[in-house]
Amino acid sequence: MLLEGRVAGGTAFEKLVEAHHSDIHRYLWHVVTLGAAADDLSAETFLRAFRARRSLPVDTDLRPWLFAIATRLCRKHFRGERGRAATLAARKQGRSANRGRLEAIIRRLPLNQRLAFAMRRFHDLGYDAIGASLGCSAGRAQIHVFDALRRIRRELDAPARGNGGESRQRAAVTRGSDDGTG
């Protein structure tokens, strides 16, 4: 999607927000797993996009550009988040064990793997778009996704073998994922 009338900003930018806000917000929610933080980061993403719209080349693919802005904001968020680990521990107590465990595994992924996994699994971005958002090649983006899937599968299988809930949870994570078979 090209942003027509970038210099003027008005209606064209509103269309951009309408077209991409839900995807960007869902991406941020999956990465930060806190609704309020996702709301703030989503708003900040579009604020930065609005400010940068005039300097954007006309032929820029806007979806990866927005994901790149959101990704930079996520990285900044997590740099500030390191000192707030106690808040996350308190939040985990209110969740079901399986969902909390899966979210904890995803939170422990290296940041680039977590970002790439969320873009691929929850937003169906291609590896080129993921690579553009992360500032790496499409091949490196694919490696990040596969490494994330491998780590999630390994951690889900490791401690609780034989637990039917764990197998269903693993299947839900990997269903529709890229396993190289299709």
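A search of the whole structure, a predicted model, finds zero disulfides, a disulfide being a pair of cysteine sulfur atoms within 2.5 Å. Cysteine 74 is buried, at a relative accessible area of 0%, whereas cysteine 136 is partly exposed, at 25%. Buried denotes under 20% relative accessible area, exposed over 50%, and partly exposed the range in between (1.4 Å probe, protein chains only).

Local features need pLDDT of at least 70 and side-chain atom pairs pLDDT 80 or more, while totals for chains, interfaces and linings use all residues. Residues are numbered from 1 along each chain as its sequence is written, and side-chain values use heavy atoms, without hydrogens and water.

Isoleucine 130 touches Met119, among others, not counting residues up to four places away in sequence; contact means heavy atoms within 4.5 Å.

Met119 is also one of the buried residues of α6, as is Arg114. Helices are DSSP runs of H or I with at least four residues, numbered from the N terminus. Helix α6 (residues 111–123) is followed by aspartate 124, whose phi is positive, near 55 degrees.

| Arginine | Ring | Distance to ring centre |
|---|---|---|
| Arginine 53 | Phenylalanine 50 | 3.7 Å |
| Arginine 114 | Phenylalanine 78 | 4.3 Å |

Definitions and conventions
Helix = DSSP H or I, 4+ residues; strand = E, 2+ residues; numbered from the N terminus. Lys NZ or Arg CZ within 6 Å of the ring centre and 35° of its normal.
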